[in-house]
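Here is a friendly walk through one protein model, written for someone who likes to have the structure open while reading. Please keep the viewer at hand and follow along.

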Amino acid sequence: MDHAGEVRCQLDGDVATLVLARPWKHNSVTRSMWVQLTDHMHRLEEDSAVRLIVLRGEGSAFSAGADLADMVASAGDPVTARAFARRVASALHALATSSKVTVAALKHHVRGGGAELALACDLRVAEDDVAFQIPVSRLGVVPDRITTGRLSRLGGPGVARRVLLLTHELDGVECLRTGLVDELVPVGGLDVAVDRIARELRENVDSAVRATKRMLLEEEGLTGDVDEMIAEFVDSLVDGGVAERARAALRPRIPAS
């Protein structure tokens with residue numbers, strides 16, 4: 001077993017599926033997986049046959065977020081903190097700015113960096129047992145600007161404040177009501193929903209879809225450099241006591257007697 005996990009790319013006609021494959025850790029994303037995700041996105045960007053990119057997790061969860069052990073190893077030092085932040089933000093930026101249509105297929109755990117990956121996609125379809133949460137402030141982490149911008153635009157400023165400042169967890173019904181997900185399906189219904197999105201996309205002219213998406217990205221201000229979007233993220237990793245809090249979160253909890 002490769003404990004670093006992997007991101008697998010599966011091609012089926014004009015649909016590419018990227019699978020976060022580390023199910024024994026609820027698909028928490030390691031340093032190497034952030035890089036693999038970015039590399040896959042860059043390759044798919046050059047593949048003219050691909051129109052839809054689906055991001056999903058292997059097993060029973062989408063993703064529990066960034067791997068805490070990696071965060072411990074990266075926090076505290078400016079060089080390692082910036083390298084870690086850049087890996088994360090590069091993957092988010094590649095998803096968010098792709099000319100292809102992207103959809104996150106969400107189930108159960110969608111937390112931290114996993115929720116950020118979901119927000120970076122154009123569309124989000126979720127099973128009704130989804131639990132959406134970005135508890136990074138508990139570790140002293142300040143999120144990147146892709147995440148804060150997308151969350152504010154999709155859910156509104158009030159939802160963004162509850163999710164980021166109070167680390168509230170949202171269930172499927174609230175995710176749908178607030179606009180964080182576009183469709184809620186029963187457990188086991190993701191494949192049908194994704195297939196329908198692919199069929200609907202094929203009815204539209206690809207050049208028009210690409211041009212329209214480019215306009216939407218310009219409206220969001222997501223055409224800038226990655227480094228512009230991670231300054232506060234890097235500073236928090238260096239100065240926020242993140243390593244100590246992440247170590248504490250990794251310690252086994254002893255049940256009360």
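The report below goes from a strand and its partners to a second sheet and then to helix packing.

This is a predicted model, in which local features need pLDDT of at least 70 and side-chain atom pairs count only at pLDDT 80 or more, while totals for chains, interfaces and linings use all residues. Residues are numbered from 1 along each chain as its sequence is written, and side-chain values use heavy atoms, with hydrogens and water left out.

**Strand β4 and its partners**

Helices (H or I, at least four residues) and strands (E, at least two) are DSSP runs, numbered from the N terminus. Two strands pair if DSSP finds at least two bridges between them. Strand β3 (residues 52-57) pairs with β4 in the parallel sense over five bridges, and arginine 56 stands opposite alanine 105 in β4. β4 also pairs with strand β6 (residues 123-127), again in the parallel sense, over four bridges. There, alanine 126 of β6 is the bridge partner of leucine 106.

Buried means under 20% relative accessible area, exposed over 50% and partly exposed in between (1.4 Å probe, protein chains only). Six of the six residues of β4 are buried, so the strand is largely enclosed by the rest of the structure. In a regular strand, side chains alternate between the two faces of the sheet. Here Val101, Val103 and Ala105 point one way from β4, and Thr102, Ala104 and Leu106 the other way.

Valine 101 lies in strand β4 (residues 101-106) and counts as buried because its relative accessibility is 12%. Contact means heavy atoms within 4.5 Å. Not counting residues up to four places away in sequence, valine 101 touches Arg51, Leu52, Ile53, Asp122, Leu123, Leu201, Val209 and Lys213. Aspartate 122 is 21 residues from valine 101 in sequence, and their C-alpha atoms are 6.3 Å apart in space.

Leucine 18 lies in strand β2 (residues 15-21), and at 0% relative accessibility leucine 18 counts as buried. Leaving aside neighbours within four places in sequence, the contacts of leucine 18 include Leu37, Met41, Leu44, Ile53 and Leu55.

**An open three-stranded sheet**

An open sheet of three strands has the order β5-β7-β8, with mixed pairing. β5 (109-111) and β8 (170-171) stand at the edges with a single partner strand each, so one side of each is left without a neighbour in the sheet. β5 and strand β7 (residues 131-133) run parallel and are joined by three bridges; glutamine 133 in β7 is the bridge partner of arginine 111.

**Helix packing**

Axes are lines fitted to C-alpha atoms, for helices over the stretch in contact, and angles run from 0 to 180 degrees between N-to-C directions.

| Helix pair | Angle | Axis separation |
|---|---|---|
| α1 (residues 31-45) and α3 (residues 78-97) | about 30° | 9 Å |
| α3 and α4 | about 25° | 8 Å |

In the latter pair, Val88, Leu92, Leu95 and Ala96 of α3 meet Glu116, Leu117 and Ala120 of α4. Helix α4 (residues 113-120) also lies across β5 and β7, running at about 85° to β5.
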